[in-house]
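Have the sequence and the 3D view open side by side.

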Amino acid sequence: VLKVLSTVKSGTVDNLLLAVSYRDEEIDENEDAQFILDAIKSSEGVKDRIHDIVVGDLSVESVKIMLSSVTKQKPEECLALAEVVHKKTAGNPFFVTQFLLMLRQEQFIRYSFSSYKWEWGDVDKLASAALISDNVADVIAKSLQSLPEATRIAVSVASCLGNIVPLDVLVEFFETYDEKEEGHTCCSGLYQIKKCGLENFLNSAVKRGILIKPEGQDAYMWAHDKLQDVSYSLIPDEYVASLHIKLGKLLWRMSLNRPDEDWMVFTAADQMNRYSGYHQDEVLGAEVASLCLEAAKLSLSKSALIPAFDMLMSGVKHLCMCDKWALHYDLSLRLYSAVAELAITLGKRQQALDAAREVESYAKTYEDKFRVQCVMLRYLTSGTDRNYAAGMKRSIQILKGYGVKFPKKLLPGQLFVENQKLKRKLPEDKLRGLLEMHNMTDHKSLKIMKLLNYLGGYIIMSQTDTNLGIFTTLRSLNLSAEQGICEETAVAVSSLGIHFANDGELAEANEYAEIAMKLIERFPLAVGSQHSSVIGMAGAGIYSRTKALNKSLDMWLEAHHFALKAGNTEKAATSILGYAYTYVTVGLPLGPLKSDLVSYKKEAGEFGMPATVVAGFTIFQQFILNLQEDTTQPAVLKGEAMDEDEVMGSLSGNGLRMTKRDVFTFRLLLAILFGYMKMADILLRELEPFLEGDMFVVRAGLRRTVMALAAFRLARTKGNRNLNLRSIGKKVLKGYEKELKSGNVNAHPIYLMLEAESSPSKENYDKAIRGCARLGLIHYEAYLCERAAEMFLEQNDNGRAEYYMAQAYILFDDWGAKGKVNRMKDEHAELLKSSSLREKAASTLQGRTRYSSKHTDSLKDFNWERLSSVRGSTLSSVRSSTSTVKGDHGSDKSTDSMSDFGSSESGGMTFAGGMFNVMA
């Protein structure tokens with residue numbers, strides 16, 4: 001629903017009438033919904049078409065009219081009764097109906113066959129009657145207590161089962177009879193009752209408006225949650241616990257014969273969890289703990305992580321005996337391992353640590369500790385300092401316990417030897433031969449594969465040694481070649497492909513990405529699966545160079561979906577960050593992304609994501625707000641969504657370093673857009689250490705592009721003789737030349753843009769503007785138009801300056817940067833006359849289209865000879881020694897693309913290794 005509302009807010013949907021109904025308290029408890037509703041009501045082009053229809057409580061006048069209509073009496077004759085009814089129900093339509101039903105049942109309202117009309121008793125007595133409470137719950141309770149005994153008891157038992165009342169469960173429940181509970185949870189009229197008989201009793205509750213019977217279903221529903229609550233409250237306290245135990249055991253037993261009805265297991269566990277006396281029956285407590293573990297697994301399979309965690313914690317509570325590890329070793333191992341895994345996934349770090357230590361203290365074998373060993377790796381690397389060096393060290397220690405020796409530093413020729421081993425093992429010396437291999441079944445090998453991929457990720461993230469990362473990947477592939485393939489094999493193949501992409505070998509990289517995708521498709525999507533990691537790695541490190549960036553947006557959303565299905569909440573969140581970076585990079589309208597980020601940030605918060613991940617969402621939100629709104633400091637990320645000082649003050653180590661990098665990147669982009677060049681100079685110097693080494697290609701590209709734009713612009717400032725500034729821009733420009741040479745299909749428009757800023761001229765600006773326009777890079781097109789206008793102003797060519805500035809104004813407005821547009825109108829009031837804007841609007845919008853293959857001709861005349869030679873390959877030993885990792889065909893060299901963002905020097909490595917993420 002929130003996504004639909006976000007789409008409406010963007011104003012991009014025509015011919016749609018959408019009616020949304022909600023209770024005020026529901027919106028008050030849902031920040032996302034409230035935010036989007038407020039945004040819709042304030043959105044230009046949409047707010048004028050929004051109509052609120054407030055359905056409040058009934059007034060006395062409305063109740064009077066309602067009574068007059070029902071009883072066919074004159075309104076004035078119903079006034080006194082209406083006033084009492086309104087007082088007792090506060091005008092709530094549902095409670096008014098219930099109150100009137102009760103009065104009818106009590107014969108206070110009756111039909112007179114002598115006068116042939118509806119009549120009622122003394123209204124004054126009704127107002128003061130003790131049996132008629134001013135509490136609505138008491139009114140409903142009175143109505144329920146007036147039901148026939150069998151119906152009342154059936155309804156009370158049904159209130160324990162949730163909003164849906166399954167008829168077959170109630171029939172089974174009343175197969176037994178306990179004299180002690182006669183009149184409370186059973187009665188002779190219900191004992192061994194058949195389905196049709198029970199339906200007759202429940203149908204009387206339907207007639208009274210208490211239950212609803214959906215057509216064609218063997219189940220009932222509560223007409224209102226208040227009715228269910230009051231029905232449950234009517235069960236005497238001394239029978240509540242035993243009733244839940246009976247229902248729990250019954251559902252548990254029924255679930256064994258109905259394996260397809262998962263809800264029975266979860267409902268059974270929920271019923272059993274309402275009893276807290278298992279310390280008096282330790283055998284039953286262990287059985288219920290096992291049931292909770294099973295229910296948690298079912299919840300995880302449906303991506304219900306928080307209910308799953310609650311179930312696991314209930315299981316721990318029920319397994320309360322002191323010697324549980326001695327009496328129930330397997331159950332304790334599985335339960336505490338699951339708690340540790342899910343706790344770290346949900347950001348409950350201390351609970352994860354406690355559970356992991358419990359397993360490490362009592363596990364009988366080294367392999368029994370494997371699950372919590374992985375949890376400890378994630379614990380070390382998910383804190384505010386993101387300590388990848390510690391994760392690397394711990395991974396090597398764990399691998400040693402499995403008999404895997406790993407060098408701290410590679411010896412000369414060691415990488416070559418590892419690759420030669422792989423060559424001999426693979427069918428036909430080709431990596432594609434993995435597709436023909438059987439699945440890996442050896443449990444120890446599966447564990448080692450996972451640990452090697454964790455280690456490879458930590459090596460890359462700690463920027464220790466690129467070749468050591470390649471060596472780790474080759475070790476994984478060698479093990480797969482010996483033992484068969486698994487999901488981690490696909491991760492390793494993606495990793496190797498990314499190394500090749502970083503080295504400029506995009507044809508091979510693209511082939512390895514395709515192999516990895518085919519490998520992962522062999523395995524079912526389940527909790528813990530690596531589908532999202534493989535998709536994310538291929539998208540972030542390879543396809544971002546070999547395919548048009550605008551085509552990868554759906555891939556990121558698919559990775560998010562798969563990650564949630566797999567229970568990998570951090571990967572789900574970082575997939576959305578990947579989506580957001582790509583979205584901003586390709587220049588799509590800001591409004592829809594702003595709305596999407598609201599719900600995704602809420603999701604990340606609920607799942608307890610690392611602080612750096614949550615910070616990523618707030619950075620994007622504040623960046624968009626600064627562009628959309630009029631603010632005094634548009635190049636500082638302080639406002640409604642975040643305070644950059646507070647966010648960075650809460651972090652340390654790698655976490656602070658990465659967040660500082662991202663904050664300064666977006667601030668620098670805002671600084672050059674709003675013309676704060678002194679601030680841009682400071683930010684550029686702060687970002688210099690981050691020019692190389694980012695693992696995520698699109699993010700690296702955005703930062704490198706912005707840094708180059710700032711460097712060239714500052715270098716052109718009058719009196720600025722800092723040669724280092726221009727060298728930064730030239731270095732980035734040279735990187736894009738190399739990317740073009742290697743076949744990066746996304747590099748061309750950015751190359752043209754930087755070339756125009758490096759050597760400004762009308763010809764260069766026009767060429768760059770056309771390149772960005774054809775690919776829909778509206779933000780860069782707008783920026784180039786503004787820069788061209790500023791150039792012409794310096795040359796005192798006001799005619800051309802007016803033309804380009806008007807183009808920039810309209811393009812920024814089209815992007816959704818209203819704050820920037822308003823500032824332009826203030827700063828260039830004379831140039832941006834309304835007549836000029838109207839004149840330029842049509843031509844601007846007509847000339848800008850999304851990518852079309854017709855535009856590939858722009859590369860045909862490109863002077864490739866001008867490009868410098870590609871640096872020597874870091875993988876030369878791998879390629880020269882064997883064809884093992886070379887593909888059979890090359891990649892598409894066409895330019896149906898968007899901008900690049902990551903040179904071969906900066907790398908583009910992203911790593912999934914289990915639950916590993918590089919975007920935050």
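## Ground rules

This is a predicted model, so to speak of local features takes pLDDT of at least 70, side-chain atom pairs count only at pLDDT 80 or more, and totals for chains, interfaces and linings use all residues. Residues are numbered from 1 along each chain as its sequence is written, and side-chain values use heavy atoms, with hydrogens and water left out.

## A three-stranded sheet

Look for an open, antiparallel sheet of three strands, ordered β3-β5-β4. Strands here are DSSP runs (E, at least two residues), and helices are runs of H or I, at least four residues, numbered from the N terminus. Because β3 (164–166) and β4 (211–212) each have a single partner strand, they stand at the edges, with one side left without a neighbour in the sheet.

Pairing takes at least two DSSP bridges between two strands. β4 and β5 (residues 219–222) pair over two bridges, and L211 sits opposite W222 in β5.

## A nonpolar patch

L16, L18, V20 and Y22 make a nonpolar surface patch of about 340 Å². Patch residues have over 30% relative accessible area and no salt bridge, with nonpolar side chains joined within 5 Å and like charges within 9 Å. A salt bridge puts a Lys or Arg side-chain nitrogen within 4 Å of an Asp or Glu carboxyl oxygen. Areas come from the Shrake-Rupley method with a 1.4 Å probe, and for residues only the protein chains shown count as cover.

V20 lies in the loop between α1 (2–10) and α2 (24–28). With a relative accessible area of 40%, V20 is partly exposed (buried is under 20%, exposed over 50%, partly exposed in between).

## A buried glycine

G735 belongs to helix α36 (residues 723–742) and is buried, at 2% relative accessible area.

Methods: Buried means under 20% relative accessible area, exposed over 50%, partly exposed in between (1.4 Å probe, protein chains only).
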